[in-house]
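Reader: I would like to learn how to read the features of a model such as this one, step by step. Could we begin with the structure itself?

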Amino acid sequence: MAYHTFYLGLGSNLGDRVALLTRAIQRLTTGARQWRCANWYATAPVDYLEQPWFLNTVLELTVDLTPEAMLAQGLGLEAEAGRVRTVPKGARPLDVDILLCQTADGVFLVSADSALTLPHPRLHQRRFVLTPLCDLIPDAQHPQLHQSFAHLLATCPDHSPVEIFAQNGLSFGGGARPEM
């Protein structure tokens, strides 16, 4: 099997944000070999400021999916949640972004494909992404910048508020699936 470990940025700022993120995690982790979820953070909007605050987290999961299949699954979940892309970077019930994809031998994939750029092109510029990512892999190296994610967070140009919302600590390493 071709297992990949994905680091997915999850966010929501419309509707029942907790329920939307919980459902997304449940759906994304079905069939996962293992998974972990970072703490959840309340975060101020970036770029388009006239919208509600987000709940954000990062989900690490190891599944038998290609990056393209994971992208399709994420887009499908966004559509099911009612996401309509009318205002760029605008309010949304669910956002699922592939931040990183790691092969079974531990190598982060790099791709400049217009449909799926890896790593996510703004990953290193977003405190709301780097903070939960550092809950999971602070010492891992960005595959193009060759700096740890902890260093990228410490030097991040984005100074928007990121506040702890819930210390989630959810994980699954095989065996009986945990209740959420």
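**Reading the model**

Author: Over residues 7-138 the chain is 28% helix and 28% strand, with its end C-alpha atoms 13 Å apart; helices (H or I, at least four residues) and strands (E, at least two) are DSSP runs numbered from the N terminus. This is a predicted model, in which local features need pLDDT of at least 70 and side-chain atom pairs count only at pLDDT 80 or more, while totals for chains, interfaces and linings use all residues. Residues are numbered from 1 along each chain as its sequence is written, and side-chain values use heavy atoms, with hydrogens and water left out.

Reader: Which feature does UniProt place at residues 7-138?

Author: The unreviewed UniProt entry gives "domain: 7,8-dihydro-6-hydroxymethylpterin-pyrophosphokinase" there, although annotations may be inferred rather than shown by experiment.

Reader: How should I read the packing of two helices?

Author: Two packed helices are described by the angle between their axes and the distance between the axes. Here the axes of α1 (residues 17-29) and α2 come within 11 Å and cross at roughly 150°, where axes are lines fitted to C-alpha atoms over the stretch in contact and angles run from 0 to 180 degrees between N-to-C directions. The contact (heavy atoms within 4.5 Å) is made by Arg23, Ala24, Arg27 and Leu28 of α1 and Met70, Gln73, Leu77 and Glu80 of α2.

Reader: What volume does the largest pocket have, and which residues lie nearest its centre?

Author: A pocket is an open set of points on a 1 Å grid, where a 1.4 Å probe fits, with protein on both sides within 12 Å along at least five of seven lines, and lining residues have an atom within 4 Å of a point. The largest pocket has a volume of about 900 Å³, the volume being the space filled by probe spheres set on the points. Its lining has 43 residues, of which Arg92, Asp95, Asp97, His120 and Arg122 lie nearest the centre. The largest share of that lining, five residues, comes from β5.

Reader: Where is the cis peptide bond?

Author: The bond from Leu118 to Pro119 is cis, with omega near -10°, and Pro119 is found in the loop between β7 (117-118) and α3.
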